[in-house]
Amino acid sequence: MEPIQYDHILVRYGELSTKGKNRKDFIKKLTDNIRASLSAYDKLTYERTFDRLYIHLHGTEPEEICAILKEIFGLSSFSLCLKIRSDLDAMVETGYQVAMERGQGTFKVETRRHDKKFPLVSDQINRAVATKILKESEMRVDVHNPDLRIGIEVREEFTYVMADTIKGAGGYPVGMGGKALLMLSGGIDSPVAGYLTMKRGVEIECIHYASPPYTSSSAQKKVLDLAGIISKYQGSIKVHIIPLTDLQLAIYKHCDESYAITIMRRMMYRIAERAAQKYKCLAIVNGESIGQVASQTLESMQTINHVIDMPVIRPVVTYDKLEIIDVARRINTYETSILPFEDCCTIFTPKNPVTKPHPEKAEKMEAGWDFEALIDECLEKMETVVVTPATPQEDDLF
């Protein structure tokens with residue numbers, strides 16, 4: 001039997017249907033994001049209804065389209081489908097063709113009758129389609145856990161017949177929740193934090209701290225590669241690169257070594273807040289997880305957070321390392337994150353970092369030198385790279 005040439009993809013909104021008065025805005029944003037993600041496919045056309053989006057393929061092969069749709073936040077699920085006339089004979093024949101493409105196993109027919117004027121109810125349509133499949137194939141009905149679900153949506157002018165349901169990424173459309181600044185290192189945690197933030201509809205920009213010549217151009221390329229991997233969820237990502245070397249050396253000159261990481265993180269937060277304000281980001285995001293390292297105890301978080309007023313979002317704060325790694329593998333950042341290039345934190349790690357720092361003690365150490373001038377210098381030397389999934393990354397920006 002010839003493979004079925006599906007002519008439409010039916011997209012379901014899922015969680016967006018619960019958004020009340022904002023529902024239209026969420027659905028419009030999702031539609032805009034889908035159009036942007038599929039902009040290279042100029043034959044596609046779109047039809048939006050109250051609870052569905054229909055993508056007309058116009059002969060475009062569906063495999064690449066499906067792969068892109070799987071990565072778009074706010075999309076609950078979708079199905080390949082055929083648009084036919086609202087006629088029982090057409091439904092029976094098309095449902096049979098869909099079943100025969102699978103050819104074996106169990107099935108279930110599920111009809112939704114949006115057009116209440118259609119003379120047959122859903123159960124009658126289900127039985128008519130199932131009867132032909134049972135009579136002319138070896139397939140059997142399983143209403144609880146079928147190998148194939150044949151969906152039929154009866155509308156006033158046309159009916160859509162579809163095979164199975166492909167799960168989408170869920171969440172909210174990126175951009176509906178404002179914008180935040182992700183502190184992107186070269187590690188495993190921060191790209192996962194960025195992914196989870198975008199999943200809740202928040203657009204991200206990134207800030208990365210580099211320490212040339214102690215950190216290499218390869219370490220920087222690794223970070224841009226990570227940004228490129230997660231950029232597919234919103235189309236492109238700006239990465240603001242901060243040269244931190246002079247500020248780090250000053251910290252080790254003026255502060256107790258045990259407090260070096262605490263003071264450095266306080267400086268990073270100060271810089272991130274100013275960059276976030278400049279680029280109209282409403283929060284800072286990072287990959288901190290409680291107790292994972294010395295700077296991520298609750299006492300450390302409190303002392304570090306003390307220097308800024310902006311909210312800090314920590315999506316993986318309660319995850320253990322294995323849970324974070326599971327997500328990293330799923331979003332394809334793990335293999336890049338474990339490449340052996342050191343970041344600005346690992347090369348300046350003290351032997352015995354304090355795990356329960358006090359804000360007052362940190363403030364006393366900071367009072368003895370002009371760190372504000374060095375922060376201003378960091379921001380003045382900041383460079384910005386716009387990264388997309390297809391962007392070849394620069395080897396060296398410094």
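Predicted model: local features only at pLDDT ≥ 70, side-chain atom pairs only at ≥ 80, totals over all residues.
## Buried or exposed

A residue counts as buried when its relative accessible area is under 20%, and as exposed when that area is over 50%. Anything in between is partly exposed. Cys 206 has 0% relative accessibility, so it counts as buried.

Of the protein's 398 residues, 52% count as buried.

## Overall layout

The protein has two domains: domain 1 covers 8-167 and domain 2 covers 179-387. How far apart are the C-alpha centres of domain 1 and domain 2? They lie 44 Å apart. Along its principal axes, the C-alpha trace spans about 85 × 40 × 40 Å.

The protein has 13 helices and 14 strands. Take the contacts between residues at least 6 apart in sequence: 80% of them join residues at least 24 apart.

## The second largest pocket

The second largest pocket holds about 330 Å³ of space. It is lined by 17 residues. Closest to its centre are Ser 37, Lys 232, Tyr 233, Gln 234 and Gly 235. Two elements give two or more residues to the lining: helix H1 (23-37) and helix H2 (62-69). H1 supplies the largest share, with four residues.

What classes of residue make up this lining? Eight are nonpolar, five are polar and four are charged.

## Cysteines without partners

How many disulfides does the model have? The count comes to zero. Cys 206 is in no disulfide, and the nearest cysteine sulfur, that of Cys 281, is 9.6 Å away. To count as a disulfide, two cysteine sulfur atoms must be within 2.5 Å.

Now look at Cys 255. Its closest cysteine sulfur is in Cys 378, at 14 Å, which is too far for a bond. Cys 255 has a relative accessible area of 8%, so it is buried.

Gly 228 lies in helix H6. Its relative accessibility is 8%, so Gly 228 counts as buried. Which residues does Gly 228 contact, leaving aside its neighbours within four places in sequence? They are Val 387, Thr 388 and Pro 389. Pro 359 is 131 residues from Gly 228 along the chain, and their C-alpha atoms are separated by 37 Å.

Ser 231 lies in the loop between helix H6 (217-230) and strand S11 (237-243). Its relative accessible area is 0%, so Ser 231 is buried. Leaving aside neighbours within four places in sequence, Ser 231 is in contact with Ser 236, Ile 237, Val 387, Thr 388 and Pro 389.

Most residues other than glycine have a negative phi, and most peptide bonds are trans. Some places in this model depart from that pattern.

His 58 is not a glycine, yet its phi is positive, at about 50°. His 58 is found in the loop between strand S3 (52-56) and H2. At 37% relative accessibility, His 58 counts as partly exposed. Asn 332 is not a glycine either, and it has a positive phi of about 65°. Asn 332 is in the loop between helix H10 (321-330) and helix H11 (334-337). The peptide bond from Pro 212 to Pro 213 is cis, with omega near 5°. Pro 213 sits in the loop between strand S10 (203-210) and H6.

Which helix holds Glu 380? Glu 380 lies in helix H13, which covers residues 371-380. Is Glu 380 buried or exposed? Its relative accessible area is 68%, so Glu 380 is exposed. Glu 380 and Tyr 172 are 208 residues apart along the chain. Their C-alpha atoms are separated by 35 Å.

Definitions and conventions: Residues numbered from 1 in each chain as written. Heavy atoms only, no water. 1 Å grid on protein atoms, 1.4 Å probe; cavity = no way out; pocket = protein on both sides within 12 Å on 5 of 7 lines; lining within 4 Å. Points joined across faces, edges and corners; volume = space filled by probe spheres on them. Nonpolar A, V, L, I, M, F, W, Y, C, P; charged D, E, K, R; others polar. Buried < 20%, exposed > 50% of the residue type's maximum accessible area, 1.4 Å probe, protein only. Domains from an automatic or database assignment. Contact = heavy atoms within 4.5 Å.
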